[in-house]
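Subject: Structure with ligand, for your review

Hello,

Please find the structure below, followed by notes on what was found in it.

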Amino acid sequence: MFQFVQGEVLKRRQLLNCQQPKSSPAQCLTDAYNLAKVQAESAGDFETYSDFQIVRVCMELFFGGTATTARSLEWLLLYMAAYPDEQSKVQQELDQLIHRNQDTNKSAEEICLDDRDSLHYTQAVIDECYRRVSLSSNGTFHRATRDAELRGYLIPKDAALMPLAYAVHHSERHWSHPQGFHPGHFLDNDGRYQPSRYLIPFMIGRRACLGEGLARQEIFLIFANLMRRYRVELGSDCCYGDREKLLEGRLSLIRVPEKHTLRFSRRF
Ligand code: HEM
């Protein structure tokens, strides 16, 4: 992996070197890093930027962004198979959007990001799945940089902190159906999408997930376009016996579903 990413970083540098003028805007993170490195070195700073660092940063983006996004999609499809009525409502909303787009001569082949604001139910289903599953249930550990007090408890400097997203996502204080699958948590009385500050799958604060924007876009696009074209059902070999167990999954670094299969059939 290291060698592969290193090779790609070198390719970008060679492309950048051929580029005229040299100040052309960066087309990716690696370009931006390489340009900053050249600038720093021409000012005599050979310390701040290193090839090793940009290769590691790229690798971390891939590590951080691959399993999380793929598992989120896997969960969404599993929940749609387990809740066929919810799936139908999503598909109805997508079909209506496509018909409206056809009427206005807009390209109707694919759902795109511009459509997101019109797809209230679809967005609510995605958020409800983030909530119910709580992919990163335990978040990641952090360390207190100084003594602090929270609701009368002392949190000493250097204490390890483990943010329990699962508890926030399943608290009766914030959700009317904490243990159910209820997209209504994210809809107002007029059926319009309404985000909640208590949904924190990417955590909060300065060290929250760097890839949230990208992940949300990817997941919306892939999910909406799959739902538009395919009906998804639980495979016949699935362990129907314990549906709740299947939907609860098991916790490793991120929450993963129990072994299952899904069947896709084209809708048109
Ligand atoms: C559904 C998909 C994703 C979920 C649920 C998710 C969740 C998280 C969580 C819970 C954290 C820990 C935040 C904290 O320490 O408080 C995190 C950190 C991080 N994520 Fe994601 N992530 C997702 C996708 C991505 C993607 C697509 C990328 C990169 C393109 C990414 C890159 C990162 C990075 C670099 C960090 C470390 C940030 C830091 O320590 O400052 N993630 N993510």
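Helix H3 supplies the largest share of the shell around the ligand, with six residues. Helices (H or I, at least four residues) and strands (E, at least two) are DSSP runs, numbered from the N terminus.

This is a predicted model: local features need pLDDT of at least 70, side-chain atom pairs count only at pLDDT 80 or more, and totals for chains, interfaces and linings use all residues. Residue numbers start from 1 along each chain as its sequence is written, and side-chain values use heavy atoms, with hydrogens and water left out.

The shell holds 21 residues, and the closest to the ligand are Ser72, Thr140, His142, Arg207 and Cys209. A residue counts as near if one of its heavy atoms lies within 4 Å of the molecule or strand. By class, the shell has 11 nonpolar, nine polar and one charged residues. Here Ala, Val, Leu, Ile, Met, Phe, Trp, Tyr, Cys and Pro count as nonpolar, Asp, Glu, Lys and Arg as charged, and the others, Gly among them, as polar.

Cys209 (SG) is the only protein donor of the ligand's iron atom, at 2.3 Å. Donors are N, O and S atoms within 2.8 Å of the metal (3.2 Å for Na, K and Ca); water is not among the atoms, so sites may look incomplete. Cys209 sits in the loop between helix H6 (165-169) and H7.

An N or O atom in the side chain of Thr140 is 2.5 Å from an oxygen atom of the ligand. For the side chain of His142, the distance from an N or O atom to a ligand oxygen atom is 2.7 Å. Helix H3 (51-82) and helix H7 (212-229) are the elements that give two or more residues to the shell.

Regards

Methods: A polar contact is a pair of N or O atoms within 3.5 Å; within protein, one must be able to donate a hydrogen and the other to accept it, and residues adjacent in sequence count only if both atoms are side-chain atoms.
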